[in-house]
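Visitor: Hi, could you walk me through the charged side chains in this one? I'm new to this, so please take it slowly.

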Amino acid sequence: MDRVGWHPRALVVWVFLAASFLASGGADGRVDVSRATTVVRSPAPYRVPAGAIRVRNSHQLVRALARPRATSIVLAAGVYDHNEPFYVRHGNRLYAARVGQAVLRAGIVLGANHGRDFPLLRGLRFDVRDPNRTLNGDVVHVWGSASRAHVLDTTIAGHGRIDSGLAVRQPEGFVARRVVVRGFRSYGVMVDPNKPAYVARRPYLLEDVAVTRVARPVRGSSNGTAEACFWLGSRGTVRRASAVNCGLAGVWTGTANTGSRLRDVEIDRTPVGIYLEHFTREATFERLHVGPAVRRGVNAEWADPTLGGKPASVDNVFRDSRFTTSLVGVYLDAGTTRNSVVGCTFVGQSWAGIGNFLGVDNHFEGNRFNRLLPGAVPISLGHL
């Protein structure tokens, strides 16, 4: 059973970071990704705004949300339940009076067909077991008018009964900071407008986000369509994040993911660390630590003829990262084009550090393969 709560100390996640030349003492000036740690920060205290509406129960919260103007609402400590999700249509800004002590047993929907932007959730604790108390199986659902939505200092738990923790269909200017997500069937954090031609004007930001336990009861039964701790289908930035115990992948990228940057990410206990699908372009992945309970660190899909023969992965860069995966560190399938793997360390692979099957102008430089298992090769041109 999921344990929902906030711990006052920071959640320490062991991510192998790239240290500077002086810190590592490297003779060639390259970074050392074998040591150092970072901290994925937990929900933290804050000040609530003066003059906010204060509510103590679900009925008062529904009434406050019905006001046709943007208001700040402070939720007293206690449990807030409802037979359907709460709806934030007017750009309301919701705060727990004290972080983690306002517990919502129903989900929440940010946005409408028409309404105000910049809604905010801060310090709330979602503990949801009933899918009927969510919209489309999402505990927090962001869509429509809710551009520039913020989710801060919040914990979201689904006890393995709900599809998604945080689902963002309106990614313009979206921000999540110090968020903990655990216990879902399909997605922990999903940011995807589901529009292949979508171009983000204001990319999203995920910072200090920890996701764990995202899988179907029969792991892998989604057949590659779900069970990802992070599902990212638009341009954005991820800084200091962890994805642990995911049924398919720690991080999935595709749809309209062009120009994203992921940095300081730990991934473990999942079949695939990062799964690049149609279409992921011009993204930078750096200072990752993937493994040891991961088979494929990176899996870049092939140029599928049913999708016009276009490669799934083009001009993506993996830099200054450590892969302690069991089968392969980075696998680039047929047609992947101009991808780079630079300054990475590969440890414990049984097949190869890097697989490059019929890749086009992929580039590898400054990588370290001195701790592969017997029989493994640094770079294989074979197919998995």
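Guide: Gladly, and please keep in mind that this is a predicted model. A search of the whole structure turns up 19 salt bridges, and we can look at a few of them in turn.

Visitor: What makes two side chains pair up like that?

Guide: Side chains of opposite charge can pair when their charged atoms come close.

Visitor: OK, so which residue does Asp163 pair with?

Guide: Asp163 forms a salt bridge with Arg185, and the closest N and O atoms of the two are 3.8 Å apart. Asp163 sits in the loop between strand 13 (150-157) and strand 14 (164-168), while Arg185 sits in the loop between strand 15 (175-184) and strand 16 (187-191), so the pair ties together parts that are 22 residues apart in sequence.

Visitor: Which residues are in the network with Arg177 and Glu207?

Guide: The salt-bridge network links Arg41, Arg177, Glu207, Asp208, Arg239 and Arg240.

Visitor: What about Arg338, where is its partner?

Guide: The side chain of Arg338 meets that of Asp315 in a salt bridge, at 2.7 Å from N to O. Arg338 lies in the loop between strand 30 (328-332) and strand 31 (340-342), and Asp315 lies in the loop between strand 27 (313-314) and strand 28 (317-319), so parts that are 23 residues apart in sequence are tied together by the pair. Arg338 is partly exposed at 42% relative accessible area, and Asp315 also counts as partly exposed, at 26%.

Visitor: New topic: which residues gather in a patch of positive charge?

Guide: On the surface, Arg63, Arg67, Arg69 and Arg116 gather in such a patch.

Visitor: Where does Arg116 sit?

Guide: Arg116 is placed in the loop between strand 9 (108-110) and strand 10 (120-122), and Arg116 is partly exposed, with a relative accessible area of 40%.

Note on methods: Residues numbered from 1 in each chain as written. Predicted model: local features only at pLDDT ≥ 70, side-chain atom pairs only at ≥ 80, totals over all residues. Heavy atoms only, no water. Patch = residues over 30% accessible without salt bridge, like charges linked within 9 Å, V, L, I, M, F, W, Y side chains within 5 Å. Areas by Shrake-Rupley, 256 points an atom, 1.4 Å probe, with all protein chains shown as cover. Salt bridge = Lys/Arg side-chain N within 4 Å of Asp/Glu carboxyl O. Lys, Arg positive; Asp, Glu negative; His and termini not counted. Charge placed at Lys NZ, Arg CZ, Asp CG, Glu CD. Helix = DSSP H or I, 4+ residues; strand = E, 2+ residues; numbered from the N terminus. Buried < 20%, exposed > 50% of the residue type's maximum accessible area, 1.4 Å probe, protein only.
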